[in-house]
Amino acid sequence: MVSFTSINWPNRILVTGGAGFIGSALVRQLIAETDSTVINVDALTYAGNPESLAEARHHPRHVFEQEDIRNRPALDRLFREHRPDAVMHLAAESHVDRSIEGPAAFIETNVTGTQNLLEAAREYWQALEPAARERFRFHHISTDEVYGDLGPNDPAFTEETPYAPSSPYSASKAGSDHLVRAWHHTYGLPVLLTNCSNNYGPYQFPEKLIPLMILNALEGKPLPVYGQGDNVRDWLHVEDHAQALRRVLEAGRPGRTYNIGGRAERTNLEVVHAICAHLDELRPRPSGRHEALIQFVTDRPGHDRRYAIDDSRISQELDWQPQESFESGLRRTVEWYLENTEWVQRVQSGAYREWLETNYGHRGVAE
Ligand code: NAD
Ligand code: DAU
């Protein structure tokens, strides 16, 4: 049973990337289910959307600061003015395909931005009085992609799996993880790291597999499956992830890493078929079944074959397990996209359409 009543639970949490997909789920939970004040720091790139905060957006315990983590003086001001007890760092460039098209932004935000945040946090933390220094936490949110990929029968990633990132995105996240550990070893900054698998759920920007497939299917557009569709991902519901992050912040040991997964490995083709089956039921196509829209297209360069998470540490040490099954979580996600057409229409801006042209325009169709 997860409880968030620990005496060490922070009053003031600075969340970076809190207008993104996972960050907004975390902020919604922190506002609805804890008494903490949230200082939400987000540059509002194409992926950030304050509307994803729903009721939390205008809550008196929610403070929004539109700032870029690449801007060090801005970060110093935030620490000075808001005096957080903890940082939860989610701001990042997060899409693998975009990192292949343009890696620079990934290095700037994910590596340099993280270094800025670490330095601003360190200076602030070192000046705190002893009890506050003891309580302070810097929680870095990372990905299972830093471990590279697995063959079909390889054991799942543990926290000891050596780093072997494949894409510019995962290399930049690996770089940020190393920096966070170095700030712990060198300066003693009380850090926590989490590495999780593929998140899904409401408010996900439709460049990622699940929302892209739902929205394309609704429009009767092709469903572009890379390669053979046999790459495997582990799917974690975003609300489960947010619960896990809270649990790690509350009870994780400084300097320690925790892997977080959904216990739901699926091939991409299985996921797309499942989405099609839900849509056949919820929104039948007069012209036939949705799976007829599946199109196998040129593969992602360097495409990781399989990710899988061994969650023994977080489950045994912190008593956390995912609560949502992939079947019901996916169903609820499909329903959410059907019901939230205004949110969907607003994110499908001109910039989004340009991205579809950049990423899919040049992909050949496999027979
Ligand atoms: P997202 O792309 O939906 O959101 C990222 C947020 O960060 C956006 O609100 C954006 O405006 C903000 N941001 C980007 N650059 C910034 C900058 N320079 N300064 C300030 N804010 C900036 O990402 P997400 O899917 O919510 O992922 C959140 C974190 O979790 C990332 O660190 C990502 O690497 C990690 N992660 C994501 C997944 C997943 O499946 N989505 C899985 C594992 C780990
Ligand atoms: O594993 C965690 C990672 O999961 C996070 O660190 C990343 O931020 C997040 O974007 C996600 O990375 P993936 O590359 O796994 O997610 P994506 O949704 O882009 O793709 C999932 C799988 O689906 C992957 O094997 C590629 C495939 N795919 C994706 C798209 C967008 C397709 O076949 N067709 C597509 O159009």
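Are Tyr-200 and Trp-235 buried or exposed? Tyr-200 is buried, and Trp-235 is buried as well. Buried stands for under 20% relative accessible area, exposed for over 50%, and partly exposed for what lies in between, with a 1.4 Å probe and protein chains only.

Before going on, some ground rules. This is a predicted model, where local features need pLDDT of at least 70, side-chain atom pairs count only at pLDDT 80 or more, and totals for chains, interfaces and linings use all residues. Residues are numbered from 1 along each chain as its sequence is written, chains are lettered from A and ligands numbered from 1 in the order in which they are written, and side-chain values use heavy atoms, with hydrogens and water left out.

Confidence comes next. pLDDT is the predictor's confidence in each residue, from 0 to 100. The average over the chain is 96, and 98% of the residues score at least 70. The exception to look at is residues 1–5, where the pLDDT is below 50. Beyond near neighbours in sequence, that stretch has 11 contacts in the model, a contact being heavy atoms within 4.5 Å. Where pLDDT is low, the predicted coordinates should not be read in detail.

Now the sheets. Two strands pair if DSSP finds at least two bridges between them. Strands of a sheet pair through backbone hydrogen bonds, either parallel or antiparallel.

One open sheet has 7 strands with parallel pairing, in the order β3-β2-β1-β4-β5-β6-β10. Its edge strands are β3 (62–65) and β10 (257–260), each pairing on one side only. On average, neighbouring strands in this sheet are turned by 20 degrees against each other, direction ignored. Axes here are lines fitted to C-alpha atoms, for helices over the stretch in contact, and angles run from 0 to 180 degrees between N-to-C directions.

Look at strand β4 (residues 86–89). With β1 it forms a parallel pair over 4 bridges, and another 4 bridges join β4 to β5, also in parallel. Opposite Val-87 in β4 stands Leu-14, and opposite Met-88 stands Val-15. On the β5 side, Met-88 has His-139 as its bridge partner. Which way do the β4 side chains point? Ala-86 and Met-88 point one way, Val-87 and His-89 the other, and all are buried.

Helix α4 (residues 104–126) lies across β1, β4 and β5 (137–143), at about 165 degrees to β5. Helix α8 (residues 238–251) lies across β1, β4, β5, β6 (191–196) and β10, at about 145 degrees to β5.

There is also an open sheet of 3 strands, in the order β7-β9-β11, with mixed pairing. β7 and β11 (265–267) each have a single partner strand, so one side of each is left without a neighbour in the sheet. The twist from one strand to the next averages 50 degrees. β7 and β9 run parallel and are joined by 3 bridges, and Tyr-200 has His-237 in β9 as its bridge partner.

That returns us to the opening residues and to aromatic pairs. Rings of Phe, Tyr and Trp (its six-membered ring) pair if their centres lie within 6.5 Å; planes under 30 degrees apart count as stacked, over 60 as edge-to-face, and the rest as tilted. The count is 18 aromatic pairs. Tyr-200 and Trp-235 have ring centres 6.3 Å apart and planes at 80 degrees, so this pair is edge-to-face. The pair links distant parts of the chain, with Tyr-200 in strand β7 (residues 198–200) and Trp-235 in strand β9 (residues 232–237), 35 residues apart. Trp-336 and Trp-343 are also edge-to-face, at 5.4 Å centre to centre and 70 degrees between the planes. Both Trp-336 and Trp-343 are buried. Ring pairs also link Tyr-147, Phe-157, Tyr-163 and Tyr-307 into a cluster.

Last, a charge over rings. The rule asks for NZ of Lys or CZ of Arg within 6 Å of the ring centre and within 35 degrees of the ring normal. Arg-98 lies over the face of Tyr-46, at 3.6 Å from the ring centre, and over the face of Trp-355, at 4.5 Å.

Methods:
Helices (H or I, at least four residues) and strands (E, at least two) are DSSP runs, numbered from the N terminus.
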